[in-house]
Amino acid sequence: MTAQAGNMKTDPDRLWDSLMEMAKIGPGMAGGNNRQTLTDADAEGRRLFQSWCEAEGMTMAVDRMGNMFMRFEGEDPSLDPVWIGSHLDTQPTGGKYDGVLGVLAGLEVVRSIKDMGLKTRRPIVVVNWTNEEGTRFAPAMLASGVFAGMHDEDFANARTDAEGKRFGDELERIGWRGTEDVGNRPIHAMFEYHIEQGPILEAEGKEIGVVTHGQGLWWLQVTLTGKDAHTGSTPMTMRVNAGLGMARITEAVHRIAMDHQPNAVGAIGQANVYPNSRNVIPGKAVFTIDFRSPELDKLTSMRSRLETEAAEIAKELGLGIEIEPVGHFDPVTFDENLVTVVRDAAERLGYSHMDIVSGAGHDACWINRIAPTVMIMCPCVDGLSHNEAEEISPQWASAGADVLLHAVLKVAEVDQ
């Protein structure tokens, strides 16, 4: 890349305006977003993204999982394209940047390339992956998982939400099931730009996170079965309390994660008791355990210990127990060459940076299994994410977008 290209940057105001315009779709109750996957709001956000891309001369394809591929042609259409991808869906009480920043920064890269009159030898494809969050339809990163061959389409289409609605039916309902075969697309390399969702970059005063690895995870859904009974008239010694079992397993999850320090975390984030009445001892509890670590042996050990200890707790309390894995991927090592490209771009632009491990799962974790992949991160205030109060600064957003631009120009082989 020439010295002139080394000074090129994205348009920070245009990127920020795009983020704020998308945030108007599926507004939350407290300043964030509720644009859950395969809802009417998701469909509206997709249409807006499509219109922006097509205004830049990009062409759209959609596969049977609803993944959107917006292609900006290169000088040599026969070459495998460089991808930039993330997701537009949010948590029920999500922020305005999680996922969305990566998709719209990809669009901003294309817009900036056009503004500067540059040509890349390789095409560029900006991707919106369906159901990254996994809140409505577990597991997370569902459609990118199908693309990467980790799940089959029947499995994905059969996922149900809390109301029993099927993923496949809802994809049809909102009109975003495409006809393209899933996974039948060449990739030269993929970049995913994302907010950190943690406090490290802000605490260290760094503008750019160069993501070298991603944590693996296990999501384990536990179902405890006891006996519904009156809270006032059932003697303590005669209760079969599923809620008590959940409480003890909750404490065990924390203890197990602490015993595997450093580089291990665990918590219960979703929990329900039934019949959920103030004067009925719960006869059933269903909850999900989330264990994560960048070290495979620790990840495996935490799951094994939990299964053993949870069974012992259930036996002691007279409870039935079932443990079902509902999400999993091994720790990820991102492509070393692409990591170097990102690091060099940050150096060339003069942005402070550090290597970092992603604490969350991302679509890049699946795509990394089939193509060279890397992630770029920017800070977020207090490390807060999956919360309507999630916040970043326009400066942070544009710094990461600039690094993304230069890395993509390098890999897509800019021709001036």
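Author: Asp382 is found in the loop between strand E16 (373–378) and H13. Bear in mind that this is a predicted model.

Reader: What is the phi of Asp382?

Author: Asp382 has a positive phi of about 60 degrees, although it is not a glycine.

Reader: Buried or exposed, that Asp382?

Author: Asp382 is exposed, because its relative accessibility is 63% and the cut-off for exposed is over 50%.

Reader: Which other residue has a positive phi although it is not a glycine?

Author: Asn131 has one, of about 55 degrees. Asn131 lies in the loop between E5 and H5. Asn131 is buried, with a relative accessible area of 1%.

Reader: And Thr130, where is that?

Author: Thr130 sits in the loop between strand E5 (124–128) and helix H5 (142–147). Its relative accessible area is 1%, so Thr130 counts as buried.

Reader: What does the Thr130 side chain reach?

Author: The side chain of Thr130 reaches the backbone oxygen of Gly66 at 3.1 Å. Leaving out residues up to four places away in sequence, Thr130 touches Thr37, Leu38, Arg46, Met65, Gly66, Asn67, Leu142, Ala143 and Phe167.

Reader: Which peptide bonds are cis?

Author: Pro139 lies in the loop between E5 and H5. Another cis peptide bond joins Tyr274 and Pro275, where omega is about 10 degrees. Pro275 is found in the loop between strand E10 (265–274) and strand E11 (280–281).

Reader: Moving on to Glu56. Buried or exposed?

Author: Glu56 is buried, with a relative accessible area of 17%. The limit for buried is under 20%. Glu56 is in the loop between helix H3 (40–55) and strand E1 (59–62).

Reader: What does Glu56 touch?

Author: Not counting residues up to four places away in sequence, Glu56 touches Phe72, Leu107, Arg111 and Lys114.

Reader: And Leu79? Where is it, and what does it touch?

Author: Leu79 is in the loop between strand E2 (68–72) and strand E3 (82–86). With a relative accessible area of 19%, Leu79 is buried. Leu79 touches Arg121, Arg122 and Pro123, again not counting residues up to four places away in sequence.

Reader: How far apart are Leu79 and Ile392?

Author: They are 313 residues apart in sequence and 36 Å apart in space, C-alpha to C-alpha.

Reader: Now the helices. At what angle do H2 and H3 cross?

Author: The axes of helix H2 (residues 12–22) and H3 cross at roughly 150 degrees and come within 11 Å. That makes H2 roughly antiparallel to H3, because angles over 145 degrees count as roughly antiparallel.

Reader: Which residues make the contact of H2 with H3?

Author: Ser18, Glu21 and Met22 come from H2, and Gly45, Leu48, Phe49 and Trp52 from H3. They divide into 4 nonpolar, 2 polar and 1 charged.

Reader: What about H11 and H13?

Author: The axes of helix H11 (residues 336–349) and helix H13 (residues 394–412) come within 9 Å and cross at roughly 125 degrees. H11 is therefore oblique to H13. The crossing is right-handed.

Reader: Which residues make that contact, and how do they divide?

Author: On H11 they are Leu338, Val341, Val342, Ala345, Ala346, Arg348 and Leu349. On H13 they are Asp402, Val403, His406, Ala407, Lys410 and Val411. The residues of this contact divide into 9 nonpolar, 1 polar and 3 charged.

Definitions and conventions: Residues numbered from 1 in each chain as written. Predicted model: local features only at pLDDT ≥ 70, side-chain atom pairs only at ≥ 80, totals over all residues. Heavy atoms only, no water. Axes fitted to C-alpha atoms, helices over the stretch in contact; angles between N-to-C directions. Helix = DSSP H or I, 4+ residues; strand = E, 2+ residues; numbered from the N terminus. Parallel < 35°, antiparallel > 145°, perpendicular 65-115°, else oblique. Left-handed = near helix turned anticlockwise from the far one by under 90°. Contact = heavy atoms within 4.5 Å. Nonpolar A, V, L, I, M, F, W, Y, C, P; charged D, E, K, R; others polar. Buried < 20%, exposed > 50% of the residue type's maximum accessible area, 1.4 Å probe, protein only. Polar contact = N/O pair within 3.5 Å; in protein donor to acceptor, adjacent residues only side chain to side chain.
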